[in-house]
Amino acid sequence: MTTPAAPASASSGTQEERLLAMLSSCEETKSASEDSGGSGFSVASYLNLALESSLDNDQDLQQKMAQLALQLQLQTQSCHEDIGRIGAELQAILPRCHADVGRISLGLAGLQQDATTLLENTGQKTQTNVSSSLETLSTLHALQANLKRTHEILTAAATWDSTLAEIPPLLAPAQQQQGDDKSSATPDMASNLPQAVQKLALLEKGEKALRGMPNPEERTAALVKLRQQISNLLQPQLQHALQHMSSRLGPLQQCVSLYSQLDMLDNLLQEYVSTRPAPLHKAWFDFSASASASATTKEKESAFAGWIPTWLESVLQLLQDERRQASSVFGPAQVPVILALVLQETFRPILPSFQSRLAVSHGNLELICNLYKSTLQFLSLAYESVAGCWLDWVENTTGAANLTESSDSTSAASARPLGGVAMYKKMVSIYKQITSPFARYQTSFSQLEQTRAQLDYNTPFSSSVEAVVPSCQNIDLEDLTTATDSLLVVAQEDVAKAAEAALGRFEFLQGGYHAITALDIMDQELARRVQLLVSTLQKIVNAMDWAAVFDEPHVLAALQVLKIAATCKTQVAQLQEQMRQRFLLLRERMATVSAREKEALEGRSFLIPDALSPVEINALLCYEIFQKDDDSAPAVLTRLGGGGNGVGRTQGSGAGAVLLGQTQTAVSQLAATCHKFVFQACSSVPQKHLKDMAAMSSWKEPSSTAAADSYGTLPQSYITQVGEHMLALVQALEPFASDKKSLALANEVMSDVRQVAEQPWRDFISTCGQKDSHNVIIQKLMKADGEILDYVVGGDDAVIDEEDDDDDGVEDKEVAAFCNAWLDVVGLAVTGRLLERILSIPTLTEKGCEHLNADLSYLQNVLVALGVSGHPHPLLGHVSELVTLDSSMLSERIKTMDKTNQLQATLVGMEQRLAAMKSVGG
């Protein structure tokens, strides 16, 4: 069995073709092999190729070699004939070539002589230092121009009448067709009309040549008449082409060619641009007509907001189709301008309708912002299409960057290609026109935002907060827990949310301009929301009878309000930081737009950006709207964002200034209210027991020698109840403090918590006979380890500091610190109220002094047991010592005390009151 031949022959053609190709390339292969030192053709390779299919059969091999020899003889004879023919042709050509070379030699010799003579003459200068040869060349050039101008005039004069007479016959068939087929919707282009246009172009060229000649009015009138006639005849052809351009572009391309010859392409372009978006206009107004008259405003808004993105997608599709069609009809140079004009014409007729649909929303800023966002996203995509087309054309066109930048070309439907600056201005102008329905909402943002904030506050927010307060007068534990949990949810989800949304709308609609006004509105609205929380908590406090219902769950529920204040404080701090960052970002956007505008005004080689994001377009539009009446906006944003010398609303604000001043004040009030809330829960029981202690009869008891008194005087029930409450308070505070998240939040608002304990001390100062209770004196009295130690009995030994246990973990220390902070506040309040109540006792007998001494000693022991720093207060020990002090010694002490110091005067008043209670003369 023989093996089939390799498939290489199949891929390279038949065997005969390969042999012929090898023979044909023999000479080329020979030349190449000589250069490279080798041979690419050989007789052996030729024979192997010719006989490769007959190697296995000797008979076929002999027959194949005979055929091959015959073929080679025929080819050799053909080559000899070709060589003879070529040789004969060369013999005939050589004499003619020799003669041509001779003539060229003579011509070159003459040129050489002329050049030599010219160089010699050029070197000889005249007295005016001007070469005579150059004068001759200048004269000859002027003569050439004059002869050319004369030729044009004579040609135009000679052909004017004949050309003018040729046009009416060419127009007659078209006029007849127009008159006969007025009802036809598809007239064909008259065959003679293109010739008439060419003749008219010749006449206009001749008219330019004949300017300055006699009878110019006649020529001008004739041209105007012919142009009008041709224009009238072209109009139906153009309308027909525009109506059928979706199926055939040939008629439209012919119209473009004719209008270009007449220099009337702008007129055609105006008709073309007005026709392209007609289906989109129909879709717009059909949607308006399809809207149900019975639909509510909200339903209409929702339907329109859902439909507008679909319509904008159709506009983008039109621009994509137009880019392909305009390139084939008008050419690449006109495509960017045509795209811009089609985009402008798409929106021009619908802008009043668009504005009226926005007006239906009655200032619904959410809807307006959503529609504006959709519009900006559309404009960004549309810009990429136009700018990409323009940049492609500039890149592929020589001299496109040197186009005129006249702003006049941006105001009308012109087919002239535009340079970078003009194209950029054109797009900005169109975008301002498209977004003009939103401009009224951008300029009146402050009023609209204020109205919207008022409605939002009156309806959803205030209703949800006021619903938290129970309707009953006395609130039980369940009501308290529900109320605090609900207010915490409101603080987490609703308080700062409105301000954040307002900040987004401000950034979106005003782009950073008029920031102070917008900031005032946001600050006012946020502060009002926090104030509502304050008033709601106050209502809950007033409705609670803390002394009657006190237990650990009530304290735990009350402590939840600290999380409300901490949440608001944290959110306000985060919001201010977010505002600073956003303000700086808006400042950068303004700087970018301003730099681009400056470059467009100053640079003639300006290249428009290849893309603009919705954010960049919004910044550009806001710059166009607000820059003139708020040119200080960048400086204001720099100051608000902390990018300058300070942070704040006014120039020169220090680093500690805040953006939301009213809100910051309201948050401080909220924290103070929450402190009072917890304070009421923790101190109402001691306050209740201390309220009537001054009227107790035990203070008037006479001395007794009964056996029961031999064991000493025991503390009375009112003070033991106070002490037991203080000890139980530790267990009530620890569960809340043990929760890490709750403790971390509460610690955010624990500063100035001591202020809630000031009122008992104010009352104490008043009881001491001091009319003015200055804050300085109150703070000195409440600061147990301060100046007061110099004036009390016992001095430094009167205060027992809390012992620090270094072995406690960090978490245990934080829990202890939180509990001790509230124990300190309650201890201060109890101490101040007890001292005030003591000074209100009418009379103290010796036995009464023993009772008081026992009560004070008991309270001191309780406070020592609590281990709170600064407790027991030194005045407790001081009063305890004074009530047991001998009358003469007390009187002498009072006389020697200095009353010029206000703090010391207060203590003197206290001691005088104690002396009066003991009937000691001062």
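**Notebook: rings, a helix face and a pocket**

I began with a charge over a ring: the charged end of arginine 357 sits over the ring of tryptophan 284, 4.4 Å from its centre. I took the term to require NZ of Lys or CZ of Arg within 6 Å of the ring centre and within 35 degrees of the ring normal. I found arginine 440 placed likewise, its charged end over the ring of tyrosine 441 and 5.2 Å from the centre of that ring.

I note that this is a predicted model, in which local features need pLDDT of at least 70 and side-chain atom pairs count only at pLDDT 80 or more, while totals for chains, interfaces and linings use all residues. Residues are numbered from 1 along each chain as its sequence is written, and side-chain values use heavy atoms, with hydrogens and water left out.

**Helix α14**

I looked up which residues of helix α14 (residues 351–360) are buried, and they are Leu351, Ser353, Phe354, Arg357 and Leu358. Seen down the axis of α14, these buried residues fall within an arc of 160°, so they line one face of the helix. The arc is that of the directions from the helix axis to the C-beta atoms; buried means under 20% relative accessible area, exposed over 50% and partly exposed in between, with a 1.4 Å probe and protein chains only. Helices are DSSP runs (H or I, at least four residues), numbered from the N terminus.

**Aromatic pairs**

I found that the structure holds 21 aromatic pairs, where rings of Phe, Tyr and Trp (its six-membered ring) pair if their centres lie within 6.5 Å, and planes under 30 degrees apart count as stacked, over 60 as edge-to-face and the rest as tilted. Tyrosine 272 lies in helix α10 (residues 265–275) and phenylalanine 330 in the loop between α12 (297–329) and α13 (335–347), so the pair ties together parts that are 58 residues apart in sequence. Tyrosine 272 is buried at 0% relative accessibility, and phenylalanine 330 is buried with a relative accessible area of 10%.

I then turned to tryptophan 311 and phenylalanine 347, an edge-to-face pair with 5.5 Å from centre to centre and 90° between the planes. Tryptophan 311 belongs to helix α12 and phenylalanine 347 to helix α13, so this pair ties together parts 36 residues apart in sequence. Tryptophan 311 counts as buried at 2% relative accessibility, and phenylalanine 347 counts as buried at 2%. I also listed one aromatic cluster whose members include Trp284, Trp311, Phe347 and Phe354.

**Largest pocket**

I recorded about 420 Å³ of space in the largest pocket. Of the 20 residues that line this pocket, the closest to its centre are Ser668, Ala671, Ala672, His675 and Ser751. A pocket here is, on a 1 Å grid over the protein atoms alone, an open set of points where a 1.4 Å probe fits, with protein on both sides within 12 Å along at least five of seven lines, and lining residues have an atom within 4 Å of a point. The largest share of the lining, nine residues, comes from α26, and α23 (552–602) and α26 (661–691) each supply at least two residues.

I checked leucine 559, which lies in helix α23 and is buried, with a relative accessible area of 0%. Leucine 559 and histidine 675 are 116 residues apart in sequence and 8.9 Å apart in space, C-alpha to C-alpha.

How values were computed: Points joined across faces, edges and corners; volume = space filled by probe spheres on them.
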